[in-house]
Structures are given as C-alpha cells and as structure tokens.
Amino acid sequence: MHYFTSDLHLGHGKVLYFNNRPFESLEEMNEILINNINETVGADDDLWVLGDFAFRIGRTRALEFRSKIRCKKVHLILGNHDLDYSDTDAFVSIDQQVVLGTQYGTVVLCHYPFLEWHKAHYGSIHLHGHIHSTGEYNERNLQLYYRDRFPEGHTPKNPELKLRIYDVGVDANNYRPISLDEIADKMGIVPLQQ
C-alpha cells in the first residue's frame with residue numbers, strides 16, 4: 001500500500017509556533033510524528049515523504065530519525081529543506097518529482113503544489129506538501145471541479161471532473177500519513193477496471 005506524508009520538519013523547534021502544532025515540546029513532536037508513522041504504515045508498505053523530512057539538524061541526526069521508522073521502503077521527494085542523502089541507503093528513492101501509475105490512475109508527486117500537472121484534465125491526482133495547510137484547504141479542494149480551476153484552460157473529457165489535488169502534509173492530516181486508498185475515497189475515485 002502507498003502512504004504519503006510531508007513537512008514533518010523533525011528537529012525544527014519553531015515549527016511548533018509557526019504552525020500552532022499541538023505539542024508540548026520539540027521532543028514530543030518528534031516522537032509523536034515517528035510513532036504515528038510506525039502505527040499507520042506497515043513494514044512492507046511504501047511511504048512517500050513529499051519533502052521537508054527534517055530541518056536544520058544535520059544529516060547524522062536526520063538519519064537517526066529515519067532509523068526509527070520501521071517501514072523499509074521510504075521514498076523521499078525533495079523539499080526546500082531536505083539535505084542530500086544520495087550517498088546513503090536511508091531512502092529507497094530520492095527524486096524531485098515522481099509520476100506513479102496506480103490502481104486509481106496517474107498520481108503526480110512533488111513537494112510543491114502545481115496549478116496544472118500531468119494529465120490533470122484527464123483526472124490524474126496531484127499530491128503535494130510545502131504549504132503547511134490545515135485540513136480546510138483539502139476540504140475546499142474536494143468541493144471544486146476541474147473547470148473551476150482554469151475556466152479558459154483545458155476542457156476535461158468529463159465536465160463533472162472534480163479537482164484532484166491534495167496536501168499530504170502532517171498539518172493537514174492529523175500529524176500522520178494518509179494512504180492512497182483514503183485519498184481516493186475522499187475524492188470519490190474507485191479503482192480502474194483491470
């Protein structure tokens with residue numbers, strides 16, 4: 001199963017205040033975020049971290065946090081605060097952007113939100129982080145149609161196509177990863193016919 005998260009900012013004390021995170025201390029935030037991953041994601045699942053795994057704590061400390069995550073297949077989509085981990089085996093893949101083929105169709109992954117993405121007008125899904133939104137951002141987007149985004153732009157094949165963009169960041173998802181199945185359910189998407 002595919003799970004997604006973003007903007008953990010492990011080790012970043014100021015994020016507690018910038019984003020009004022409900023933790024008593026930095027240590028509590030770090031521990032709860034790691035525990036939430038381990039409680040949600042199985043050892044053989046794929047966890048996609050869409051950027052900003054840690055913040056200004058150095059590679060050694062960031063890799064210590066990574067070692068506490070039991071999931072073996074952790075992928076990193078680079079965010080604006082990520083370090084270079086390419087010479088380690090901490091992440092099974094490290095990319096700027098990924099286009100996944102899934103049972104729900106194309107899913108475009110990037111740290112940054114796009115206004116338009118690959119196959120958006122055909123119903124592809126765009127997952128991102130970076131903006132530290134609340135759940136209200138996702139709820140608003142779930143109500144929009146693709147035609148609302150660019151009324152003069154691409155015309156979707158289906159005029160009733162809903163906008164399929166979702167912030168997977170911890171601040172918008174109760175500080176835990178979210179599965180592709182959960183996102184698809186929220187968007188009213190069923191698996192493609194085989």
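Strands, like helices, are DSSP runs numbered from the N terminus, with at least two residues (E) for a strand and at least four (H or I) for a helix. The model is predicted, and local features need pLDDT of at least 70, side-chain atom pairs count only at pLDDT 80 or more, while totals for chains, interfaces and linings use all residues. Residues are numbered from 1 along each chain as its sequence is written, and side-chain values use heavy atoms, with hydrogens and water left out.

A hairpin of 2 residues connects E5 to E6. In a regular strand the side chains alternate between the two faces of the sheet. In E5, Val-98, Leu-100 and Thr-102 form the covered face, and Gln-97, Val-99 and Gly-101 the uncovered one.

Next, show the open sheet. Its 5 strands follow the order E4-E3-E2-E1-E9, with mixed pairing. At the edges are E4 (93-95) and E9 (178-179), each of which pairs on one side only. Within the sheet, E1 (residues 2-5) runs parallel to E2, with 4 bridges between them. Phe-4 stands opposite Trp-48 of E2.

Stay in this region and select Leu-47. Its contacts (heavy atoms within 4.5 Å) include Tyr-3, Phe-4, Ile-37, Ile-69, Val-74 and Pro-177, leaving aside residues up to four places away in sequence.

Buried means under 20% relative accessible area, exposed over 50%, and partly exposed in between (1.4 Å probe, protein chains only).

Now turn to the loop between E3 and E4 and select Asp-89. Asp-89 is exposed, at 75% relative accessible area. Its C-alpha atom is 9.9 Å from that of Leu-63, 26 residues apart along the chain.

Pockets come last. On a 1 Å grid over the protein atoms alone, a pocket is an open set of points where a 1.4 Å probe fits, with protein on both sides within 12 Å along at least five of seven lines; lining residues have an atom within 4 Å of a point.

The largest pocket has a volume of about 200 Å³. Among its 13 lining residues, Tyr-166, Ala-172, Asn-173, Asn-174 and Lys-186 are the closest to the centre. H4 (135-143) and H6 (180-187) are the elements that give two or more residues to the lining, and H4 has the largest share, 3 residues. By class, the lining has 4 nonpolar, 4 polar and 5 charged residues.

Finally, select Tyr-104, Gly-105, Thr-106, Gly-123, Ser-124, Arg-164, Gly-188, Ile-189, Val-190 and Leu-192, which line the second largest pocket. Its volume is about 170 Å³.

How values were computed:
Grid points are joined across faces, edges and corners, and a volume is the space filled by probe spheres set on the points. Ala, Val, Leu, Ile, Met, Phe, Trp, Tyr, Cys and Pro count as nonpolar, Asp, Glu, Lys and Arg as charged, and the others, Gly among them, as polar. Two strands pair if DSSP finds at least two bridges between them.
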